[in-house]
Amino acid sequence: MGGGNNAENDSQKNIQYHQPISGCCRSHSYPETNFNPGAKWIKGLTHDRLGVFVGGHFGAVNLGHVLFTERIDDDKHIQMVYWSAPGRSKPGFDEVMKLDKKEWKELKKGFNFGPSWTNHWVKAHLKLPSDWDKKHERIQLEFDPSCEAMIFETDGTPLQGITGGNNGDRRVDFIIPKDARHKGELDIVIEVSCNEMFGVSGIGAPDPNRYFTLNSADLVVPNQEAWRLMWDFTTLRELVEDLPGNSILQNHCLVTANKIMNTFDIHDPERTIKECRKIAEEVFGEGWEAKGADIYKEGLGKGKKPQVWGIGNCHIDTAWLWPFSVTQQKAARSWSTQIDLMERYPEHRFATSSAQQFKWVEQLYPKLHERIKERVKTGQFQLVGGSWVENDSNMPSGEALARQMIYGQRYFRSRFGVTSKVAWLPDSFGLSGALPQLIRGAGMENFFTQKLSWNNVNTFPHSTFNWVGIDGTQVVCHMTPVDTYTAQATVQDVRRGIWNHKNLESSDTALLAFGNGDGGGGPLNKMLENLRRIRATANEHRELPVVSMGESVDDFYDDIHKHTEEGKTLPVWRGELYLEFHRGTYTSHGSIKKGNRHSETLMRDVEYLATLASLFKPEKYSYPKDTIDTCWEKVLLNQFHDVLPGSAIGMVYVDAEQNYAEVAKDGRKMIHDALSVLLEDSKGVGAPMPLKEYKAMDGQFAIVNTLDFPRLETVILPVTGSGENTTALDGGWVQQSKRGDRMFAVVGAPGRAIGAQKTEDGSFVLKNSSVEFKISKGRIVSLVDRELGRELIPCCTTGGLVMFERDTPPNWDAWDTEIHHLETSKPLEFSNLKVHESGPLRASLTADIAYGQSRIWVEISLDATSATTQANSRPYIRFDAKVDWHERHKFLKFELPLDIHSDIAYYECAFGWVSRPTHKNTTQEIAKFEVCGHRYADLCEFGYGVALLTESKYGYATTGNVMRVSLLRGPTSPDSEQDQGEHQFSWAILPHKGHFFESDVVKAAYAFNSPLPIRHASSSNADSLLHTPPFIVEGAPSVILDTVKRGDDDDFSGSSTDKTVVLRLYEAYGGHSRPKIRIAKYIKVSKALITNLLEEEIEEVELMRSESTEDGCCIALSLRGFQVVTVKLFLENTADGAP
Ligand SMILES: [Zn+2]
């Protein structure tokens, strides 16, 4: 035995392999003879032995047998009654407590709660045996309903969560408080909820009929010293297993653990446990335990400093394998539990994000909200992230990403007086290059994530680095080398923080975000115990990194700033953090993607029109700030990183669709209300009417353009009946559809002659003077730029819809599409082609496709108008598809081969674009076989390019010269019915002269997503808005005025007349720009500020006024490429409030 020559072993008389050597008569000298066999050990066998010290096969004779000294479950001591809430309802504490006594039934152990997702309330009266208080250090209620539960005080204060079952996240013990021990009895209330930490069926489709057995409702007395010995032994065992190779500390721990096993005696536990714990001090240091949390103050200096900073967290997915309503309970359970742990472990710090979850707790658990407030004040409960939810960051628009942080920070400030300093998206599936700028704009300069550790092709090269966004803004990013945000606080976790660190040369610290998570929960006390022991060991030995506790996440980043000369010595990563995984999430669940894009667009229009109405007609209209906030909060909630990506169970999407339906309803009403005062007596044109009735109406049609650039487009007027063919309405070019169900009109000037025809060889052609588009044998065979005489489809290739028939990722069905899906493609042919419209404003074809059980109907159209008013703008070829989708594990895309050669393609991202390779030179490039884009993707070369535009799709790929947009998938886990049924979506092909940088693609894509609403106004004031837009961007075609809204701090209660208007602009192409914002004269501005996203002043900008009182004023700005600028205009306080 290697320990034989260790001086420390002299005192261990009861260890058998240290038998006194016989044949020696002198006690302190080296014996002359030796007849023993020797002490060399078989290390592996000793190591294996450690597995039998607690529980298992030897559970009746090992430490596991003595963990409890008392256990009772009889009626005399535990009396319980229960009431089951009907269906899936979730009544609150107060409501349940009002129930009549006779509603409650007796409850016994063994009862089955269920089915899945139901809620049950238990009132428990506990009577403690009279001698227990004096005799025992701790008394607990062990309550294990095999599912999640929450313990309340009888006044409704949430005390702690329960996680039943036998998984590693089990937490079933409630410590009886002191006063109840003295009193000898306690009443508590428990809400039992029929789901586990991870829903009811893991990542499979949920079983609606699961029941959960009440396995334990026992009063127990834990043998505290036995538990502490178990934790000692656990740490020793982890040290043995995780310390590398054949180190001194590792051997020392193995010897110590082995000694403990030999010393423990089941027949004399009290004495031998004490002895064992003493033996453990050989590793942890003498008297280490008495130091408590102060253990973290020791062992520093002489080159030792905190290296792995522990912070508790629980990452509650805002919806995933459970719906939002269950998350509300999870937040209350997890957070009350953590507050309870803080009572006993003063070093414990807990970080959590997501203002939405706090808002739920505030509304549903106000008493807990107050308890959290106290802990926020002491710094134990830390608010991180500064965002509304931990959002997906691939798909939300730039403005939505900004709102995530604006709504998050404003909530944290209003309730807790705290501004988060660290953006926190550990689990989002790829991170947009727009984020650094927005993070800084929202008052943060640091960022935490780890998701790229899931990459399935390349290893991301950094742990701590400057993340530089598309516009050049940087944040300090820490991608924890622990590679998880739900670390179990093991020796391995602590060690990984250093050995897996990718750039120790420039920064040698790591954040250990530990605690059960995804389904919430957070740290268990065994984790806090383990960390104390790991730190105690590090204080004594040099082989372990120094784990530290008691500091904040902010302290961790401050330390990085301090030790890297404010980031100067850190490596830099530029642009997006592309996750090489979960590439199916850009497409999964088509209706959610559509809800997101359409809601974002709608909210833009709502804010723009409501702002104008509130300025124009303050006496008749007040800005609907509360409804706008409510709508935004729903849009932001649905952007959670398992909702918008399509990776949640079906139940979640019922709620999410409901959110979108409410946003659409409220949004449309707000637009109607605003337009009703802006265009007095006007009506929206919605339901089709006979043309005669339109013509008989007094007044005129008004097209309201909410975008900041002029538009020349064909719009559709819904009509009923037919006849009166192509009769002009007043002042416009019109065309009545062949079916008579719609009228086309051009806004602005007439366009070009246009036509659709079937040719002699059976091909179908759409053409105007600019482009000609041809379908032959069901496939797109030609797209000609007629002005240049250039064919864009390469010879012998065709475009159209294509089915990839093996979309079967090895894991994570809804999340992933793997590279192999590209190997089995089947081009689909348009059939039943017909000329549908033939000009003069719109020419179109209809076609359908049958595939398996699915049908696809497409209208392909070409308008007389160009995409935008930019010189040389081409018209786009538009595809409006209806799909009845019944495929599973198939991937429908639209593809277009192009005679255009470029190594990169451009894709819109939040507030700009991202370029990605079209080739496969390296594994980094191969990994990007499916990518995320917003409203456009563009492939171009010198002189020419083609863009694909979408109005609700986010998945794209450009491989070589083939562009693809991803349309529908059919994964079956975790939602077995995902995407089955009807879909409606549109896309378009936009050819453009010149490189993408010179093109009108950005504005065309913007307009493609913002159809022009038609209203009918009886008075002539319709012109004012149309012809004098309130804000015009001049001299900078690449700058987009994206948002117009009222200031967040404006008072809409009527008690103040101070008014501000906020404009948000961004540079969309990536170059410097110096726009002037011309403000119409009817908006009287007294002061203009450039602010951050939180509308706090950065600097004042000069208001330039012209001599003429007819003109308004103007401000000059300077933007670098992709810069986002927020301008806050203070309005003159006019007596009548009217501008
Ligand atoms: Zn998550």
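**Surface patch, ring pairs and overall form**

Modeller: Val61 sits in the loop between helix 1 (43-49) and strand 1 (68-72). Helices (H or I, at least four residues) and strands (E, at least two) are DSSP runs numbered from the N terminus. The model is predicted: local features need pLDDT of at least 70, side-chain atom pairs count only at pLDDT 80 or more, and totals for chains, interfaces and linings use all residues. Residues are numbered from 1 along each chain as its sequence is written, and side-chain values use heavy atoms, leaving out hydrogens and water.

Biologist: What makes Val52, Phe58 and Val61 a patch?

Modeller: Patch members have over 30% relative accessible area and no salt bridge; nonpolar side chains (Val, Leu, Ile, Met, Phe, Trp, Tyr) are joined within 5 Å, like charges within 9 Å. A salt bridge puts a side-chain nitrogen of Lys or Arg within 4 Å of a carboxyl oxygen of Asp or Glu. Val52, Phe58 and Val61 form a nonpolar surface patch, with about 240 Å² of accessible area together.

Biologist: How many aromatic pairs does a search of the whole structure find?

Modeller: The search finds 53.

Biologist: Why is Phe113 called buried, and what is Phe111 called?

Modeller: Buried means under 20% relative accessible area, exposed over 50%, partly exposed in between (1.4 Å probe, protein chains only). Phe113 has 0%, so it is buried. Phe111 has 25%, so it is partly exposed.

Biologist: What makes Phe773 and Phe879 an edge-to-face pair?

Modeller: Their centres are 6.1 Å apart, with 80° between the planes. This pair links distant parts of the chain: Phe773 is in strand 31 (residues 771-776) and Phe879 in strand 39 (residues 877-885), 106 residues apart. Phe773 and Phe879 are buried.

Biologist: How do you know that the charged end of Arg597 sits over the ring of Tyr954?

Modeller: NZ of Lys or CZ of Arg must be within 6 Å of the ring centre and within 35 degrees of the ring normal. The charged end of Arg597 is 4.4 Å from the centre of the Tyr954 ring. Lys953 sits likewise over Phe985, at 4.2 Å.

Biologist: Why is the protein called as compact as a globular protein of its length?

Modeller: The protein has 22 helices and 58 strands. Its radius of gyration is 34 Å, close to the 32 Å that the globule rule gives for 1139 residues, so it is as compact as a globular protein of that length. The radius is taken over C-alpha atoms; the rule is 2.2 Å times the number of residues to the power 0.38.

Methods:
Accessible areas come from the Shrake-Rupley method with a 1.4 Å probe; for residues, only the protein chains shown count as cover. Rings of Phe, Tyr and Trp (its six-membered ring) pair if their centres lie within 6.5 Å; planes under 30 degrees apart count as stacked, over 60 as edge-to-face and the rest as tilted.
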